[in-house]
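The exercises below are to be worked with the sequence and the coordinates at hand. Each task is followed by a solution in steps.

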Amino acid sequence: MIQTTEKLVQLLRSDPRIDASILISYCRIISMYGDKEDAAALFHIFTEQPSDYRRTLLLDSVMRCGDLALAEEVAHFCFDQGQLKEGMPSEVLHVLGYMGYEKYIDYMVDCICANDWYLSKDACLGLLHLPCESYQERLESELEKVYGQPLFPEFLPALSFKFTNEQIVPRLLAWGEQASTDCNAGLILGISMFGRTQKEQIKYILMEPFWEMYSTGTGSYWWGYMSMQMVELTFSELISALKDQTPVVQEQADCIPDKRTMEHRLHVLHDLLELKLIGDPNPVRFAPLNQERITSLYQDLFQWSNEHEDDSVTGRISSYLGYGHPLLEKYTQLRMRMEMGMKQELELQAWASNGKINI
């Protein structure tokens, strides 16, 4: 067991009301460096008070570090007569699916259209990882029942790849133009599940205002960031595209986005980069990781290409939107956070190269 897990267990014993942000930070490190022993220790803590949302946060590390033997323990503790026991968090379904535990696939499929957003979401996330060949017709039927509706079981479209191929993507895109932005997370995730071939589609969704892929809207930006990873769309590509659309010499532009569209794209890029700094792990086990270094992205965003002209992203904001535009302040704050991120990144590299990391 790594020291971080031991420290977290001690913290929970001494202060059961520990702040959730502290818990999440510990769990993130445990998820990266722990193993099944750490997962078992955290699951034991969870079982002491499973209705406490703080204990539920431990399940993320349990699912990322645990094995099938632990999944069996999770299922035994959390299920009764084929369904979740009363008071058990729905996240258990995601945990079991992520760990490859297949016993309750029937129950998960039944939960997809439950009148409980959390239960439906976690059932869908769990099923992403499990064999669904026997349920293809049912999944397709459930999707067709709600296709085109503005409100629907939000993560049902994420399971499209379980019963069809990427030919469904245009239909999912068209659906997104009609759907409520409260329900578009499953659509973008569903498109991304078809992999790298959908990179341009995900890029389009992120940059188009009617999808509202920014944090002040519905929170779908988080799923947009995770979908970026699924299709291996990089921040470097997003920044490059933004610069192409806003040349330093505006007269050289073939087509400059209108102000609203430009503001939207800059807001989205900002919010996605903040998620990169936070470092939330992907909820999909087989998702590729974004390996871009903060230092490189900082240069892409803020460095001038020459000493005579500010052609950075902030320079373009000033040029196109004005020196007093609120986005300048947002990117100034982002710059400060990225500077802290660079320091942490370089420190980690230095310690790793010297074999001195003590988790």
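Predicted model: local features only at pLDDT ≥ 70, side-chain atom pairs only at ≥ 80, totals over all residues.

**Exercise 1.** Determine whether Leu238 is buried or exposed, and identify the residues it touches.

*Solution.* Begin with the location: Leu238 belongs to helix α15, which spans residues 235–245. Next, take the relative accessible area of Leu238, which is 3%. The cut-off for a buried residue is under 20%, so Leu238 is buried. Then list the contacts, leaving aside residues up to four places away in sequence: Leu238 touches Lys203, Leu206, Met207, Met228, Leu233, Leu269 and Leu272. Finally, consider a C-alpha distance: Leu238 and Arg265 are 27 residues apart along the chain, and their C-alpha atoms are separated by 9.4 Å.

**Exercise 2.** Describe how α15 packs with α17, and state which residues meet.

*Solution.* Two packed helices are described by the angle between their axes and the distance between the axes. For α15 and helix α17 (residues 294–302), the angle is about 5° and the axes lie 10 Å apart. Angles under 35 degrees count as roughly parallel, and α15 is therefore roughly parallel to α17. On the α15 side, the residues of the contact are Phe235, Ser236, Ile239 and Lys243; on the α17 side, they are Leu297, Asp300 and Leu301. By class, the residues of this contact divide into four nonpolar, one polar and two charged.

**Exercise 3.** Characterise the backbone and the exposure of Gln81 and of Glu232.

*Solution.* Recall first that most residues other than glycine have a negative phi. Gln81, which is not a glycine, has a positive phi near 55°. Gln81 is found in the loop between β1 (79–80) and β2 (83–84). Its relative accessibility is 77%, and the cut-off for exposed is over 50%, so Gln81 counts as exposed.

Turn now to Glu232, where phi is also positive, near 60°. Glu232 lies in the loop between α14 (220–231) and α15. Because its relative accessibility is 37%, Glu232 counts as partly exposed.

**Exercise 4.** Give the volume of the largest pocket and account for its lining.

*Solution.* The volume of the largest pocket is about 1,700 Å³. Its lining has 42 residues, of which Arg28, Met32, Ile278, Gly279 and Leu348 are the closest to the centre. Elements that each supply at least two lining residues are α1 (3–14), α2 (20–33), α14, α16 (259–278) and α19 (326–353). The largest share comes from α19, with nine residues. Sorted by class, the lining divides into 18 nonpolar, 12 polar and 12 charged residues.

**Exercise 5.** Repeat the analysis for the second largest pocket: which element gives the most to its lining?

*Solution.* The second largest pocket holds about 820 Å³ of space. Of the 23 residues that line this pocket, the closest to its centre are Leu57, Asp60, Glu91, Lys121 and Trp222. Two or more lining residues come from each of α2, α4 (53–56), α5 (59–65), α7 (91–98), α9 (117–127) and α14. With five residues, α9 gives the most. The lining of the second largest pocket divides into 14 nonpolar, two polar and seven charged residues.

Technical notes: Residues numbered from 1 in each chain as written. Heavy atoms only, no water. Helix = DSSP H or I, 4+ residues; strand = E, 2+ residues; numbered from the N terminus. Buried < 20%, exposed > 50% of the residue type's maximum accessible area, 1.4 Å probe, protein only. Contact = heavy atoms within 4.5 Å. 1 Å grid on protein atoms, 1.4 Å probe; cavity = no way out; pocket = protein on both sides within 12 Å on 5 of 7 lines; lining within 4 Å. Points joined across faces, edges and corners; volume = space filled by probe spheres on them. Nonpolar A, V, L, I, M, F, W, Y, C, P; charged D, E, K, R; others polar. Axes fitted to C-alpha atoms, helices over the stretch in contact; angles between N-to-C directions. Parallel < 35°, antiparallel > 145°, perpendicular 65-115°, else oblique.
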